[in-house]
Amino acid sequence: MTRTWHALTAVVGLVALVGQTIVSARRGDDLVNLFSYFTIESNILVVVTCTLLALRPDRGGRAFGMLRLASLTGITVTGVVYATVLAGNVDLSGAEWWFDKAFHYVVPLLTVVGFVVLRPRTRLTWSALGGLTFPVLWLAYTLTRAGVVRPTFSLTPTTTAPVPYGFLDAGELGAGTVAVTCVVLTLVFVALGSAAVAWSRRG
């Protein structure tokens, strides 16, 4: 059951990633922008992590623990933020609608349930919190790229920004507001990561 669950999670994520990449490439979208979305990067981490777990469910070690925590917290925040803040901003249809649901609902749900319920569960040490460098580095990359490269992301059918998510648009919201948002997001990741480590160490 455990191997099958993780394999299913990896397959769903991989199909959505490959499918969305093909659709975006055919449309002529900027693929650097595509792979700059936190959603996409979190799903990539989940695909890698769950593939490794499907091959060996009792996998452990410091490096894997960091990867496990980075993927778990990243995809959890992806699902929660999308469901509460971003859902409905873009009108999707066809295959993209299905890929969107896979990225933001199916993969997050499968990942969290797989971690909380299934055994054997990766026993995380507190050093696994080093995996939280992933969202911090992503924030730094996103804000730096916005200021230097000035890419164009579609936030809604009628609005664009140099960042993939409107709550990080310093030009619109102000640098102070975005700085507070980054601090809050970091604290959320630390709280989720700490909870995940504590849960993994239960008997």
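The structure is a predicted model, in which local features need pLDDT of at least 70 and side-chain atom pairs count only at pLDDT 80 or more, while totals for chains, interfaces and linings use all residues. Residues are numbered from 1 along each chain as its sequence is written, and side-chain values use heavy atoms, with hydrogens and water left out.

**Annotated regions**

An unreviewed UniProt entry lists residues 35-55, 67-90, 102-118, 125-144 and 173-199 as "transmembrane region". Such positions follow the numbering used here, feature names are shortened, and annotations may be inferred rather than shown by experiment. Residues 102-118 are 94% helix and 0% strand, with end C-alpha atoms 21 Å apart. For residues 125-144 the values are 60% helix and 0% strand, and the end C-alpha atoms are 32 Å apart. Helices (H or I, at least four residues) and strands (E, at least two) are DSSP runs, numbered from the N terminus.

**Enclosed and open spaces**

Rolling a probe the size of a water molecule over the atoms shows where empty space is left. On a 1 Å grid over the protein atoms alone, a cavity is a set of points where a 1.4 Å probe fits but cannot get out, and a pocket is an open set with protein on both sides within 12 Å along at least five of seven lines; lining residues have an atom within 4 Å of a point. Grid points are joined across faces, edges and corners, and a volume is the space filled by probe spheres set on the points.

The structure holds 2 cavities of 30 Å³ or more. The largest cavity contains about 170 Å³ of space. Its lining has 15 residues, and Phe38, Val77, Trp138, Tyr165 and Phe167 are the closest to its centre. Helix 4 gives the most to this lining of the largest cavity, namely 5 residues. The second largest cavity, of about 30 Å³, is lined by residues including His6, Arg68 and Arg121.

The largest pocket holds about 830 Å³ of space. Among its 30 lining residues, Tyr37, Val90, Leu92, Glu96 and Ser154 lie nearest its centre.

The table compares the linings by residue class, where Ala, Val, Leu, Ile, Met, Phe, Trp, Tyr, Cys and Pro count as nonpolar, Asp, Glu, Lys and Arg as charged, and the others, Gly among them, as polar.

| Space | Lining residues by class |
|---|---|
| Largest cavity | 12 nonpolar, 3 polar, no charged residues |
| Second largest cavity | 3 nonpolar, 3 polar, 2 charged residues |
| Largest pocket | 13 nonpolar, 12 polar, 5 charged residues |

**Salt bridges and a buried residue**

A salt bridge is a side-chain nitrogen of Lys or Arg within 4 Å of a carboxyl oxygen of Asp or Glu. The whole structure has 4 salt bridges. One of them joins Asp29 and Arg27 (2.7 Å, N to O), and another joins Arg27 and Glu96 (2.8 Å, N to O). Arg27 lies in helix 1 and Glu96 in helix 5, so the pair ties together parts that are 69 residues apart in sequence.

Buried means under 20% relative accessible area, exposed over 50%, and partly exposed in between (1.4 Å probe, protein chains only). Glu96 counts as buried because its relative accessibility is 16%, whereas Arg27, at 46%, counts as partly exposed.

Gln20, in helix 1 (residues 2-27), counts as buried because its relative accessibility is 9%. Not counting residues up to four places away in sequence, Gln20 touches Arg27, Leu34, Glu96, Phe99 and Phe103, where contact means heavy atoms within 4.5 Å.
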